[in-house]
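Please take a moment with the sequence and the model displayed next, and keep both in view while reading the paragraphs that follow.

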Amino acid sequence: MSDLFSDANHAQPGVEILDSGVVLLHGFALQQSEALKREINKIDQQSPYRQLTTPGGLKMSVTTTSCGDLGWHSDEYGYRYVRRDPISDLPWPKMPDSFLQLASCAAAKAGFDHYKPDACLINRYMPGNKMSLHQDKNELDFSAPIVSVSLGLPAVFMFGGLRRSDPVSKLLLHHGDVLVWGGPARLRFHGVMSLGQGHDPAWGSQRINLTFRKAG
Ligand code: SIN
Ligand code: FE2
């Protein structure tokens with residue numbers, strides 16, 4: 001599987017089919033990135049980024065928040081989706097229409113029609129922050145893909161197989177890229193390597209990742 005990503009298939013300009021069910025849309029979110037930033041800032045004001053604890057008691061390296069009907073949460077009781085922000089006990093901020101539209105257009109471009117996510121996890125990486133290999137499996141609906149939007153500093157994404165021990169390919173994700181994985185790839189292990197130092201004129205020294213899911 002090591003040459004998976006060098007053997008890429010370009011169906012249309014900017015659309016890279018990496019494997020069955022895995023599509024990278026180069027720069028797909030670029031034009032909307034300023035509008036996305038304004039929405040992200042509004043969400044942060046209502047439900048601020050926080051550092052979650054894993055069920056094993058470790059602090060996650062990234063800080064996270066959510067919008068949509070369901071928000072992803074982790075603490076000593078496990079990984080799960082919750083309807084209210086545990087900090088405020090209020091519902092999570094509504095998913096902005098621009099988020100929904102971006103996610104469903106990206107999914108359609110990748111071959112997944114009628115995508116209507118109900119959860120958007122927002123991960124904020126500062127230099128040195130990372131995400132270890134994991135599967136996204138707290139969702140009830142695995143028939144819907146994951147749509148993942150990268151903003152700000154570039155990051156090295158790790159894409160493994162269906163077993164933790166499978167070989168891992170590395171993929172550089174740039175500002176504005178959208179990665180979609182679903183169907184036979186929906187439960188593939190993935191993660192993000194430690195974010196390097198850098199400064200983006202519009203985003204500063206950080207990477208923001210929007211991960212859309214159909215969770216409920
Ligand atoms: C995640 O798997 O939740 C994050 C992926 C990413 O930051 O690109
Ligand atoms: Fe994930």
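**The ligand and its pocket**

Ligand 1 takes up the space of the largest pocket, where a pocket is an open set of points, on a 1 Å grid over the protein atoms alone, at which a 1.4 Å probe fits, with protein on both sides within 12 Å along at least five of seven lines, and where a molecule sits in a pocket if more than half of its atoms lie within 2 Å of its grid points. The model is a predicted one, in which local features need pLDDT of at least 70 and side-chain atom pairs count only at pLDDT 80 or more, while totals for chains, interfaces and linings use all residues. Residues are numbered from 1 along each chain as its sequence is written, chains are lettered from A and ligands numbered from 1 in the order in which they are written, and side-chain values use heavy atoms, with hydrogens and water left out.

The shell around ligand 1 consists of N123, Y125, M131, H134, S148, F157, H190, V192, R207, N209, T211 and R213, each having a heavy atom within 4 Å of the ligand. By class these residues comprise four nonpolar, six polar and two charged, with Ala, Val, Leu, Ile, Met, Phe, Trp, Tyr, Cys and Pro counted as nonpolar, Asp, Glu, Lys and Arg as charged, and the others, Gly among them, as polar. Polar side-chain atoms approach oxygen atoms of ligand 1 at 2.5 Å from Y125, at 2.8 Å from R207 and at 3.2 Å from N209, a polar contact being a pair of N or O atoms within 3.5 Å. Taken alone, ligand 1 exposes 270 Å², of which the protein buries 99%, these areas coming from the Shrake-Rupley method with a 1.4 Å probe.

Two or more residues of this shell come from each of β9 (119-125), β10 (131-134), β15 (190-192) and β16 (207-213), and β16 gives the most, with four residues; strands here are DSSP runs of E, at least two residues long, and helices are runs of H or I of at least four, numbered from the N terminus.

The volume of the largest pocket is about 670 Å³, a volume being the space filled by probe spheres set on grid points joined across faces, edges and corners. Of its 33 lining residues, M60, W72, M131, S132 and H134 are the closest to its centre, and the lining as a whole divides into 13 nonpolar, twelve polar and eight charged.

Two residues other than glycine have positive phi: D89, near 60°, in the loop between β7 (84-85) and β8 (90-91), and H114, about 60°, in the loop between α2 (97-109) and β9.

Terms used. A polar contact is a pair of N or O atoms within 3.5 Å; within protein, one must be able to donate a hydrogen and the other to accept it, and residues adjacent in sequence count only if both atoms are side-chain atoms. On a 1 Å grid over the protein atoms alone, a cavity is a set of points where a 1.4 Å probe fits but cannot get out, and a pocket is an open set with protein on both sides within 12 Å along at least five of seven lines; lining residues have an atom within 4 Å of a point.
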